[in-house]
There are 2 protein chains.
Amino acid sequence: MFIRGKGRMIKSIDQLLPTILQKEKIVKIENNYLLIGDRRELPFKNDYVKCSSIDEIAKALKEMATQGGGPLQVGLTTLNFVAQQIEKGKMADSINTFIKAVHTLVQARPTNTTMARSLYKVIDRLSMHYQCSLIATVNDVDLVTFVNQIVTELEHSFDNDYLKMGEYGSSLIEDGFSILTTCFAEHSFMLSLMKAQKEGKKVEIYLNETRPYFQGSRLTAFALEELGIDFHIIGDSAGSNLMNLGKIDCYMTAADLVTMDGYVVNKVGTLANAISCSYYSIPYYAFAMSPDTTKETKDEIEVEIRDGKEFLSWKNEPITKQTYSAYYPSFDIIEPSLVDLIITPKGPLKPKQISDHYLKES
Amino acid sequence: MFIRGKGRMIKSIDQLLPTILQKEKIVKIENNYLLIGDRRELPFKNDYVKCSSIDEIAKALKEMATQGGGPLQVGLTTLNFVAQQIEKGKMADSINTFIKAVHTLVQARPTNTTMARSLYKVIDRLSMHYQCSLIATVNDVDLVTFVNQIVTELEHSFDNDYLKMGEYGSSLIEDGFSILTTCFAEHSFMLSLMKAQKEGKKVEIYLNETRPYFQGSRLTAFALEELGIDFHIIGDSAGSNLMNLGKIDCYMTAADLVTMDGYVVNKVGTLANAISCSYYSIPYYAFAMSPDTTKETKDEIEVEIRDGKEFLSWKNEPITKQTYSAYYPSFDIIEPSLVDLIITPKGPLKPKQISDHYLKES
C-alpha cells in the first residue's frame, strides 16, 4: 500500500480522492431522504437528487444522476436506507423488502454488474440474518447496525482494491507519458495518476469529451483540475489522430464489465480507440475491480441501448430536429486481443489469464 | 450520365440536389452584397451571412458559415463579386485585386485545397485577359461577363464531375446496404444515394453526428430527410460498435484533400472509422473531385488546427468550464492502405493509382 495513515492502513480513501469521488458527494442519507450527488450539472453545480423511495432512486440512476462506480455506492447506501425505513415502520421488515429494492436498482443500469453482484452478496448475508432471527437467539444487533456493518465492510474492501489497482496502474505509467482516456475512469485511474505524480512522473491526459453527457469534459476534467494534472479535452473520435502523430503513450479506461473469457465492456468509443491502439501498437489497459464471475462468455452480456434522443439536444438547446432517428448503443464490447492488460486487485492480468485467477460462479 | 433532361444533359444539377446543396442556397450576390448560406443554424433556419468585403467573406468562411464544398462555391462567386465591385468603381481594376481576394479566401480554410486550386485557375485565365487588355484589341467583353463566363464554365465542369462520381458511387452500393458516413459528404455522396435509390436499391445511413458543429446531425440528416432516405444519427465514436455487430456494409466520406501518393485528408474521426473498417474488412470509399496535384506526399499537407474552445460550449450552453484546455485537430490524414477506393470523376481508383491518372503540377 502506498498510502498509510500513521503507520497503518487509512480507514477511508476519501481524503485522498478528488471531491467528486468522495462517498458523501456520491450519496448520503439525510432526514429520511437518500441524496444522490447529481453529476449532470458538474463542474458548475454539485447538488443532490432527493429520493424518498426505491423507485425514485432507480429513476435517478436511469436518468444518469450518477454513473460509472456511482451506482455501486448508491446501491450500498440504499440498503442502509431500506434498513432505516424498516426500523421506522415505513417498509415491511422482511428479506423480500431488500430483495425487491435490489431488483429495482439492478434493472435501472443493466450493463455494469458490479453493483448487482455486490448487492446480492449483501442479500446473502441478510438472508442468513433473517433466518437466524427466526430462532431468536443471535439477533443481538438491530437491523440498521447490522446492515451498516456489512456495507462498511464491503466499502473497505473496495477501497483496498482501488488502492491496489492504483499501485498497479501507476507502475505502468512512465515519466512524460501522454495518456488517452474515455468517459470517467474514476478511483483506480485517479489513484494511478496520483501515485505516478507522487513519484515525480509528469503525465498529461488527453480525454475524450464523451457524448452525449460529456463525462470526459465535465467529470474527468474536473477531477484532474483538482489533482493539478495537465489535460486536454478532445473529440470522441480524435484519439486516432493523436496516435497517428505519435502523441499517445497508452490508453487507460475503466471497465463496466469483464467476462470470464476476457472481453471488456466499456463506454461506447472505447472499441474504436482500442482498435486504433492495436493498429499503432499502443498499449490499452482497462481497470476492473473483478470480472463478472457469472458471465463465462461475451454472449451473456446485456448491452444497454439508451434513448437516441439524448444525442439530439444539449440542455435546452436542440442540436437538430427532435424527430430525427438516433441510435445510442451505450457500451462497446472489446475483444481480448485488443486489451493488453486488465488491471485488477490481483494484479495486471492478460485477458486470457482472467479465468486462471477467478472462479466461475453460476 | 444517369440524369438527362429531354434527351440531353441538364444545364445544372441544382434541380436534382437537396435544397442545402443548391448553388443559390450556398451563395449568391444581391444588391451589392455577397450572401453566404449560413449552415450553422440548419436544419432550423437557412439564413444568409451578408458580406460587403473580401475580409467579411473570409471571416464567414473561417467561422464555418459554410463548409465542405461550400467554400469552393463561395470562392467562385466571390470572383464574380470582385468583378462587379471593379465595374462599380469600388475596387481597383487590376489582376492584383483578384489575386489579393483569392489569397485572403485561401488563408481562411487552408486544408481543403480544391477552392485554392480552382480559384488560381481562374486567376490564370484572368491574368491573360489583363495582359490582352493592354494591347486593347481582344477586350471585347466587359470584365463582369468575362469572369462570369469562366466561373460558369468551371461550375459546369464540377457538376459534370459530381454526376460521374455519383454514378461510380452508386455502382458500389448494393440493395440493402447500411452505409456509415461522417460529416457532410455533399454532392457526390448524395448523388450516389439518389442514383442507388432510383435503381430500386434500399439503403440505410448511419451518420456520425460530427462534433463540434454537428454537420452530420444537422446537414447530412437534413439532406437525407429531403431525399427520403432512412438514417440514424450516432455518436462520433460509435461506428466501430456497429461494425462489430455486422451492421455496416461500407463507409463513405468526402475527402477534403487527396495527395498524389494516395493519402486522404478528411474530417477528424474519419481515420478512426477507416482503421476499424480495415479491422473488420469493411470497404472505405472516399469521394474526391481530384487529387491536389501540387501535393506529391502527405508531408505537404497543412492541417488546420482549430480553436479547442469550440468543444467547450454549444450555442449558449456551456458544456464545461471555459478555462479548460481543449485540442481540436480538425482533419485526419488517412494512409493509402486504409482506403479501398477513391471515387474520382475518372472512376474509382485505388490510392496508389492516383499518380497514374493525374499529372503532378508544381
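Start by selecting B:T210, which sits in the loop between β7 and α8 of chain B. This is a predicted model, so treat each stop as a look at a prediction. Show the backbone torsions: phi of B:T210 is near 70°, a positive value in a residue that is not a glycine. Most residues other than glycine have a negative phi, and most peptide bonds are trans. Is B:T210 buried or exposed? B:T210 counts as buried because 24 other C-beta atoms lie within 10 Å, and the cut-off is 20 or more.

Stay in that loop and step along to B:P212, also placed between β7 (204-208) and α8 of chain B. The bond joining B:R211 and B:P212 is a cis peptide, with omega at about 0°. Now jump over to chain A and select A:R211 with A:P212: a cis peptide bond joins them, and omega is about 0°. A:P212 lies in the loop between β7 and α8 (215-227) of chain A.

You'll find A:M64 in the loop between α2 (54-62) and α3 (70-87) of chain A. A:M64 has 19 other C-beta atoms within 10 Å, so it is classed as partly exposed.

**The sheet in chain A**

Next, select the strands in the order β8-β7-β6-β9-β12-β18-β19 of chain A: they form an open sheet of seven strands with mixed pairing. Which strands are at the edges? They are β8 (230-234) and β19 (347-349) of chain A, each of which pairs on one side only. Look along the sheet and you can follow the twist, which averages 25° from one strand to the next.

Then show helix α10 (residues 270-280) of chain A, lying across β6 (178-181), β9 (250-254) and β12 of chain A. That helix runs at about 155° to β9(A).

Strand β7 (residues 204-208) of chain A runs parallel to β8(A), and five bridges join the two. For one pair to click on, take A:Y206, whose bridge partner in β8(A) is A:H232.

**Over to chain B**

Select B:S170, in helix α6 (residues 143-171) of chain B. B:S170 has 20 C-beta neighbours inside 10 Å, so it counts as buried. Leaving out residues up to four places away in sequence, B:S170 touches B:S192, B:K195, B:A196 and B:E199. For a distance check, draw a C-alpha to C-alpha line from B:S170 to B:E209: they are 23 Å apart in space and 39 residues apart in sequence.

Now go to strand β5 (residues 48-51) of chain B. In a regular strand the side chains alternate between the two faces of the sheet. Which residues make up the covered face of β5(B)? B:V49 and B:C51 do, while B:Y48 and B:K50 are on the uncovered one. Strand β4 (residues 33-37) of chain B pairs with β5(B) in the antiparallel sense over four bridges, and B:L34 stands opposite B:C51.

**Core and interface**

For the core, select A:A255, A:A286, A:I342, B:A255, B:A286 and B:I342: of the 158 residues in the largest nonpolar core, these touch the most other members. Center on B:A286. Beyond its neighbours within four places in sequence, B:A286 is in contact with B:T253, B:A255, B:V264, B:N266, B:V339, B:I342 and B:I343.

Then show both chains: 42 residues of chain B are in contact with 42 residues of chain A. On the chain B side, the elements that give two or more residues are α8 (215-227), β8 (230-234), α9 (239-244), α10 (270-279) and β17 (331-334). α10(B) gives the most, with five residues. Color that side by residue type and it divides into 20 nonpolar, 14 polar and eight charged.

**Confidence, to finish**

Color by pLDDT. Chain A has a mean of 92, with 95% of its residues at 70 or more. Select residues 1-8 of chain A, though, and pLDDT stays under 50; the model has ten contacts for that stretch beyond four places in sequence. The model scores ipTM 0.91 and pTM 0.92.

How values were computed
Residues are numbered from 1 along each chain as its sequence is written. Chains are lettered from A and ligands numbered from 1 in the order in which they are written. This is a predicted model: local features need pLDDT of at least 70, side-chain atom pairs count only at pLDDT 80 or more; totals for chains, interfaces and linings use all residues. A nonpolar core is a set of buried Ala, Val, Leu, Ile, Met, Phe, Trp, Tyr and Cys residues joined through C-beta atoms within 7 Å. A residue is buried if 20 or more other C-beta atoms lie within 10 Å of its own, exposed if 12 or fewer, and partly exposed in between; C-beta atoms are placed from the backbone. Two residues are in contact if their C-beta atoms, placed from the backbone, lie within 7 Å. pLDDT is the predictor's confidence in each residue, from 0 to 100. Ala, Val, Leu, Ile, Met, Phe, Trp, Tyr, Cys and Pro count as nonpolar, Asp, Glu, Lys and Arg as charged, and the others, Gly among them, as polar. Two strands pair if DSSP finds at least two bridges between them. Axes are lines fitted to C-alpha atoms, for helices over the stretch in contact, and angles run from 0 to 180 degrees between N-to-C directions.
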